[in-house]
Amino acid sequence: MGPSPLALQPQPVSEIFDGAFRMYRRNFGLFAALGLASEVPDLVRSLLSGGAQGQDILFTTLTGTGDAGRSLGSAGGNPLLAFAGTALWLICLPIALSLAVQAAVDVSAGTRPSFGRVLSSVVRRYWSVAAVMLLFALAAVPSITCVLIPLSIWLYVRWAMAFPAIFAEGAGPIRAIERSTFLVAGRWWRTFGIVLLAYMLTSVVGFAIAAVLELAVALVPGISGAIRGGAMLVAGAIGEGFVRPLWPIILTLVYFDLRVRREALELDVLARQAMLAPPQQPA
């Protein structure tokens with residue numbers, strides 16, 4: 001089934017989640033590929049940081065099939081490789097977080113985006129996304145005191161629509177933050193509830209699928225050591241990759257829902273269509 005334009009009308013929470021699952025299902029190939037691609041930098045970081053050895057030690061310790069005296073600290077790996085993997089992950093993080101957002105915006109507009117088109121669009125807006133991520137990181141600083149954790153949460157929800165605004169409106173980082181603040185104003189608690197529910201849902205489902213795949217790989221006979229640990233990391237990344245796009249899809253649908261409620265977006269679209277339509281010739 002091909003993509004269809006987004007229904008520009010206020011949506012209840014249940015319809016937003018249903019629309020997200022429907023969008024993912026109708027464009028499964030695209031979103032699955034984007035989700036798996038977004039997992040590659042983190043997978044490389046884990047492998048270069050000694051994560052394969054750590055996974056194997058953890059598995060053998062929990063199952064009692066290995067030397068209980070071994071420590072997870074022995075899986076540190078090469079510090080230089082670990083640094084290179086972390087640097088690569090940080091460089092690719094703005095792209096990894098934005099792929100599904102751009103795809104969701106395109107599908108909502110009724111287009112049929114390709115993997116290459118989505119990737120090129122995200123790369124063009126790399127620095128805007130990176131700047132917004134930096135602002136989010138700064139917003140996390142007050143949470144270090146524990147007392148100001150509510151302040152960080154309040155800022156996160158107010159700025160949650162910044163990423164969709166970058167790709168739907170071509171906004172720069174400051175403009176995207178302003179747009180998100182405007183859209184969420186007066187609807188903070190509703191936005192918070194949807195964002196929290198979406199995060200919990202995707203986290204639990206992703207963790208469950210990844211755990212099942214990791215266990216299935218770990219129980220395959222004939223492999224052991226770092227090879228088994230690396231295979232478990234790959235299986236976990238695949239499980240997380242299939243679920244990861246749901247979060248940005250839901251976020252994007254919430255963005256459009258807020259625009260409809262705050263700006264009557266459907267009226268704006270109809271007006272633009274009327275202006276672009278060719279004049280009818282009299283009979």
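# Exercises on an all-helix chain

The chain has 13 helices and zero strands. Helices (H or I, at least four residues) and strands (E, at least two) are DSSP runs, numbered from the N terminus. This is a predicted model: local features need pLDDT of at least 70, side-chain atom pairs count only at pLDDT 80 or more, and totals for chains, interfaces and linings use all residues. Residues are numbered from 1 along each chain as its sequence is written, and side-chain values use heavy atoms, with hydrogens and water left out.

## Exercise 1: the core

Task: find which residues have the most contacts inside the largest nonpolar core.

Solution. 
- Start with the term. A nonpolar core is a set of buried Ala, Val, Leu, Ile, Met, Phe, Trp, Tyr and Cys residues joined through side-chain atoms within 4.5 Å.
- Buried means under 20% relative accessible area, exposed over 50%, partly exposed in between (1.4 Å probe, protein chains only).
- The largest core has 53 residues, and Phe31, Met161, Ile249 and Ile250 have the most contacts inside it.
- Helix α12 (residues 246-263) gives the most to this core: nine residues.
- Now take Phe31. Contact means heavy atoms within 4.5 Å. Beyond its neighbours within four places in sequence, Phe31 is in contact with Met23, Tyr24, Ala100, Ala103, Ala104, Val107, Pro245 and Ile249.

## Exercise 2: a serine inside

Task: decide whether Ser180 is buried or exposed, and list what Ser180 touches.

Solution. 
- Locate Ser180: helix α9 (residues 173-184).
- Check its cover. Ser180 counts as buried because its relative accessibility is 0%.
- List the partners. Leaving out residues up to four places away in sequence, Ser180 touches Arg158, Trp159, Ala160, Met161 and Ala162.
- Look at one partner in detail. The side chain of Ser180 reaches the backbone nitrogen of Ala160 at 3.4 Å.

## Exercise 3: the nonpolar patch

Solution. 
- Like charges are joined within 9 Å, nonpolar side chains (Val, Leu, Ile, Met, Phe, Trp, Tyr) within 5 Å.
- The members are Phe21, Phe28, Leu36, Leu201, Val205, Ile209, Leu213, Val234, Ile238 and Phe242.
- Helices α2 (28-48), α10 (188-218) and α11 (225-243) each supply at least two residues.
- One member is Phe28, in helix α2. Phe28 is partly exposed because its relative accessible area is 42%.

Notes:
A polar contact is a pair of N or O atoms within 3.5 Å; within protein, one must be able to donate a hydrogen and the other to accept it, and residues adjacent in sequence count only if both atoms are side-chain atoms. Patches are made of residues with over 30% relative accessible area and no salt bridge: like charges are joined within 9 Å, nonpolar side chains (Val, Leu, Ile, Met, Phe, Trp, Tyr) within 5 Å. Accessible areas come from the Shrake-Rupley method with a 1.4 Å probe; for residues, only the protein chains shown count as cover. A salt bridge is a side-chain nitrogen of Lys or Arg within 4 Å of a carboxyl oxygen of Asp or Glu.
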